[in-house]
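Biologist: I have not looked at this one before. Can you walk me through it?
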Amino acid sequence: MLTNYLPILIFMVVGLGIGVVAMSIGKILGPNRPDDEKLSPYECGFEAFEDSRMKFDVRYYLVAILFIIFDLEIAFLFPWAIVLDTVGVFGFWSMMLFLAILVIGFIYEWKKGALEWD
């Protein structure tokens, strides 16, 4: 039973070893010239003026989630475009329906004001 897991253990040890070796080589061979400019806190081009543990507005999370959703849905277009000649007319109209639903959802979010920062 344990012999079934031996390749997984070897894979994990080799992967961990390669990661540690790569990070060690970078640390040893990489330049290390810290100065005040590099060590200063950086936040959007100016000094931080509030606590780093402040709460973000929920609109930030909403826009981020909407971006991820629409971005992932667009990712379905790439495999469809590759096999477009083999899926035929049914595949074409199925994707057009998918895109129509996507556009309706986007218009709905836009009209609801979910993409506004004000």
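Predicted model: local features only at pLDDT ≥ 70, side-chain atom pairs only at ≥ 80, totals over all residues.

Biologist: Which residues make the contact?

Modeller: From helix 3, Leu-66, Phe-70, Glu-73 and Ile-74. Helix 5 contributes Phe-98, Leu-102, Gly-105, Phe-106 and Glu-109.

Biologist: Staying with helix 3, which of its residues are buried?

Modeller: Val-63, Leu-66 and Phe-70. Looking down the axis of helix 3, these buried residues fall within an arc of 65°, so they line one face. They pack against helix 5, which covers residues 84-112.

Biologist: Why would residues three or four places apart point the same way?

Modeller: Because an α-helix has 3.6 residues a turn.

Biologist: And what sits on the face turned away from the buried side of helix 3?

Modeller: Val-58 and Leu-72 are exposed there.

Biologist: How far apart are the end C-alpha atoms of helix 3?

Modeller: They are 24 Å apart. Helix 3 has 17 residues, 58-74, and at 1.5 Å a residue it should span 24 Å, so the two agree.

Biologist: Zooming out, how many helices and strands are there?

Modeller: Five helices and zero strands.

Biologist: How much of the chain is buried?

Modeller: Of its 118 residues, 7% count as buried. As for contacts with a separation of 6 or more, 57% come from residues 24 or more positions apart.

Technical notes
Residues numbered from 1 in each chain as written. Heavy atoms only, no water. Helix = DSSP H or I, 4+ residues; strand = E, 2+ residues; numbered from the N terminus. Expected span 1.5 Å × (residues − 1). Buried < 20%, exposed > 50% of the residue type's maximum accessible area, 1.4 Å probe, protein only. Arc of directions from axis to C-beta. Contact = heavy atoms within 4.5 Å.
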